[in-house]
Amino acid sequence: MNLITADYIYTPKGFLENCAVAYSKKIEAVDTLKNLAEKYPDADIHYAGKNSVLYPGFINTHVHLEFSANSTTLKYGTFMSWLDSVVENRNELIQKCDNALMLSKTEEMLHSGVTTFGAVSSFGAELEACMKASQRVVFFNELIGSNAAYADALYNDFLERMKASQHCAPEDRITPAIAIHSPYSVHPVILQRAVQVAKQHSLPLSAHFLESQAEREWLEEGEGGFKPFFEKFFNTSTPVTSIMEFMHAFDSYPTHFTHCVHANEEELAHLSSKGHSIAHCPRSNRLLGCGRLAIEKIQELHMPFSVATDGLSSNWSLNIFDELRAALMMHYTEPMEVLSHQLIRAVTSDAATILGLNVGSIEAGRESDFAVITLPDTPSSVEDIALQTILHTQKASEVYISGEKIL
Ligand code: BEZ
Ligand code: FE2
């Protein structure tokens, strides 16, 4: 048994002082150091240091590692110019992205305290790097393909990738999962099959949804920036589905919808009524000219959300604290203290619930995944710790996964 104590411990009951955690692979107990030391007299005791805060390991629910080679290549500013640049540079970027590069990006996440991430994979090429990574990985096998003529072949390829991710060893800490690329890029027939697979095997399911205004225009009217895009690259000028048809395909299975910046109030209410959640990627949304997710509407609906980096195809870092700071700045009318607490929940307990993992909370029975962060000075009140953590953290001081000290 091990005991870890810090100046503050973030628990479902708030930030506790003068407390400690007894843990092995899983958390045994949270109590005062005195009580735990008496209960476990042979335990090793570790104090995380002055101004330390012990958090559950952070969770980045949505990242595309295969685009890790992008830094200055892709075009930012508007969604369509970005998508054009992705199509144009995709092969070169993917070729440049080897296992060593992807692994180094998982380490960047680890240094920011991320002990679990959701990797969206379109080819399965990330699987090896994800198996080697220290973290738990929800491996989202992505289904893509709007052309009915190729749909069966693409679906079979997707099933093969699914199998590979289902055959990982327990020590690889891989949870197989399914990602639907988007309404504009997935044919409804294969979409429905994939949702059935997720449901049958209780797999985490996610989908990009209403990321850009252009997506909305295309799905509603078959017009806008997607029209020349589909004419040029896919020799078609009609969308394969509608917003309603796509959204209703998920009615019977809770799904993690990424972005939803352009979902209207009615659509958000529908998503909420079906138990869905949102992955919020503020820096990606800003860089691709997509705008701001109306987080106040999500809050009104009590809809769970996570905060995620998306890939380096639409970001400059995979540091979860860079993302939280962006969220804090983007939603500038939100009360600071409330938003800060909500953002911390979005990368801990809420993200864990969304992904269906037994992590994200410091309480007995959870996996012992921890991130220690060290504030630069003593916080003037306990209420400020969430905000001060977001403002001041570049790197975690210590990271533990399944009770093992990784950093
Ligand atoms: C498609 O397969 O239709 C597609 C793929 C990527 C982007 C857009 C569309
Ligand atoms: Fe994404």
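The structure is a predicted model, and every value below was computed from its atoms. In this model an iron ion (ligand 2) is coordinated by His62, His64, His208 and Asp310, six strands form an open sheet with mixed pairing, and a search of the whole structure finds 16 salt bridges.

**The iron site**

- The iron ion (ligand 2) is coordinated by the NE2 atoms of His62, His64 and His208 together with an OD atom of Asp310, at 2.1 to 2.4 Å.
- Along the sequence, the donor residues of the iron ion (ligand 2) follow the spacing H-x1-H-x143-H-x101-D.
- Histidine 64 sits in the loop between strand 8 (58–63) and helix 2 (79–96), whereas histidine 208 belongs to strand 12 (residues 205–209), so the pair ties together parts that are 144 residues apart in sequence.
- Are these two histidines buried or exposed? Histidine 64 counts as buried because its relative accessibility is 9%, and histidine 208 is buried with a relative accessible area of 9%, where the cut-off for buried is under 20%.

**Strands and their partners**

- The open sheet is built from six strands in the order 3-2-7-16-17-18, and its pairing is mixed.
- Strand 3 (14–16) and strand 18 (404–405) stand at the edges of this sheet with a single partner strand each, so one side of each is left without a neighbour in the sheet.
- Strands of a sheet pair through backbone hydrogen bonds, and the pairing may be either parallel or antiparallel.
- Strand 8 pairs with strand 9 (residues 114–121) in the parallel sense over four bridges, and here phenylalanine 58 stands opposite valine 114 in strand 9.
- Why can strand 8 be described as largely enclosed by the rest of the structure? The reason is that six of the six residues of strand 8 are buried.

**Salt bridges**

- Among the 16 salt bridges found in the whole structure is the one between arginine 216 and glutamate 267, whose closest N and O atoms are 2.8 Å apart.
- This pair links distant parts of the chain, since arginine 216 lies in helix 7 (residues 213–221) and glutamate 267 in helix 10 (residues 265–273), 51 residues apart. Both arginine 216 and glutamate 267 are buried.
- Aspartate 322 forms a salt bridge with arginine 325, with the closest N and O atoms 2.9 Å apart. Both residues lie in helix 13 (residues 320–330), where they are three residues apart, or about one turn of the helix.
- Arginine 325 counts as buried because its relative accessibility is 16%.
- Which residues are linked with Asp322 and Arg325 in a network of salt bridges? The network also takes in Arg283 and Glu323.
- Aspartate 350 forms a salt bridge with arginine 345, and the closest N and O atoms of this pair are 3.8 Å apart. Aspartate 350 is partly exposed, with a relative accessible area of 22%, and arginine 345 counts as partly exposed at 35% relative accessibility.

**Surface patch and residues far apart**

- Val87, Phe233 and Phe234 make a nonpolar surface patch of about 230 Å².
- Phenylalanine 233, one of the residues of this patch, lies in helix 8 (residues 226–234), and its relative accessibility of 32% means that it counts as partly exposed.
- Histidine 392 is found in helix 16 (residues 385–392) and is partly exposed, with a relative accessible area of 42%. From C-alpha to C-alpha, histidine 392 and leucine 271 are 34 Å apart in space, while in sequence they are 121 residues apart.
- Histidine 46 is found in strand 6 (residues 44–47) and counts as partly exposed at 30% relative accessibility. The C-alpha atoms of histidine 46 and isoleucine 144 are separated by 48 Å, and the two residues are 98 residues apart along the chain.

Conventions. Residues numbered from 1 in each chain as written. Chains lettered and ligands numbered in written order. Predicted model: local features only at pLDDT ≥ 70, side-chain atom pairs only at ≥ 80, totals over all residues. Heavy atoms only, no water. Pairing = 2+ DSSP bridges. Helix = DSSP H or I, 4+ residues; strand = E, 2+ residues; numbered from the N terminus. Patch = residues over 30% accessible without salt bridge, like charges linked within 9 Å, V, L, I, M, F, W, Y side chains within 5 Å. Areas by Shrake-Rupley, 256 points an atom, 1.4 Å probe, with all protein chains shown as cover. Salt bridge = Lys/Arg side-chain N within 4 Å of Asp/Glu carboxyl O. Buried < 20%, exposed > 50% of the residue type's maximum accessible area, 1.4 Å probe, protein only. Donors = N, O, S within 2.8 Å, 3.2 Å for Na, K, Ca; no water.
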